Structure formats: structure tokens, C-alpha cells
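Trainee: I would like to learn how to read a model like this one. Could you take me through the features one at a time?

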Amino acid sequence: GHLLIIKASDQNPRRFTTAYMASVTIKLIVYLSSMLVYLLIDRSQVIPFVCTFITFYVLYTIFEVLHVLDYIKK
């Protein structure tokens, strides 16, 4: 997804926006699906798993946005 966003930023702003939104949507669906599958398998660790998962997701999203903004500015 990140590579797709970087390549799209080299072309035009409209394509960048579409690629970014598609990337975020696909990642969110995949992550939520995998979280649901794991929680259905192991219900004893629901709260710690969800808290850790959301924390890592937010941190990765911040890192990705900062990296893409830095790349676009250059």
C-alpha cells in the first residue's frame, strides 16, 4: 500500500488521493478481519489484544502519514 501511494504521488494529486484512500480502506478491512478471526479463536485475551492492536495501528498510521508527507514535500 505504501509503495502504491508513493508511486501515485509522482503522477498527479487526484490519483494520489484515490490511491491513499483505497490503501487505507483495504488495510482497515484486512486488519479488522484478522482481528475478528483472532478474537473468535482466543476470547480470553480480548481487551489486551484490542488495545495493543489499536495502539500499533495508530502508531503505524502516524509514521506512514509523516513519511508520505515528507516524500511529497521533496
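Mentor: Gladly! Let's begin with burial: phenylalanine 16 has a relative accessible area of 19%, so it counts as buried, the cut-off being under 20%. Keep in mind throughout that this is a predicted model.

Trainee: Where does phenylalanine 16 sit, and which residues is it in contact with, leaving aside its neighbours within four places in sequence?

Mentor: Phenylalanine 16 belongs to helix 2. Beyond those sequence neighbours, its contacts are Ile5, Ala8, Ser9, Val68 and Ile72. As for phenylalanine 56, it is 40 residues from phenylalanine 16 in sequence, and the C-alpha atoms of these two are 25 Å apart in space.

Trainee: How should I read aromatic pairs, and how many does the structure hold?

Mentor: The general idea is that a pair of aromatic rings is described by the distance of the centres and the angle of the planes. Here there are 5 aromatic pairs. One of them joins phenylalanine 16 and tyrosine 20, with 6.2 Å from centre to centre and 25° between the planes, and this pair is stacked. These two residues lie 4 residues apart in helix 2 (residues 13-41), so about one helical turn separates them. Tyrosine 20 is partly exposed, because its relative accessible area is 21%.

Trainee: What about phenylalanine 49 and phenylalanine 53: how are their rings arranged?

Mentor: Their ring centres are 5.6 Å apart and the planes stand at 40°, so this pair is tilted. Both residues are in helix 3, 4 residues apart, which is about one turn of the helix. Phenylalanine 49 is partly exposed at 23% relative accessibility, and phenylalanine 53 is partly exposed too, with a relative accessible area of 21%.

Trainee: Let me step back to the whole chain. How many helices and strands does the secondary structure come to?

Mentor: There are 3 helices and 0 strands, and the order from the N terminus is α-α-α. The radius of gyration is 15 Å, whereas the globule rule gives 11 Å for 74 residues, so the chain is more spread out than a compact globule. The C-alpha atoms fill a box of roughly 45 × 20 × 15 Å along the principal axes.

Trainee: What share of the residues in the chain is buried, and what share of the contacts joins residues at least 24 apart?

Mentor: Buried residues come to 15% of the 74. For the contacts, take those between residues at least 6 apart in sequence: 47% of them join residues at least 24 apart.

Methods: Residues numbered from 1 in each chain as written. Predicted model: local features only at pLDDT ≥ 70, side-chain atom pairs only at ≥ 80, totals over all residues. Heavy atoms only, no water. Phe/Tyr/Trp six-rings, centres within 6.5 Å; stacked < 30°, edge-to-face > 60°. Buried < 20%, exposed > 50% of the residue type's maximum accessible area, 1.4 Å probe, protein only. Rg over C-alpha atoms; globule rule 2.2 N^0.38 Å. Contact = heavy atoms within 4.5 Å.
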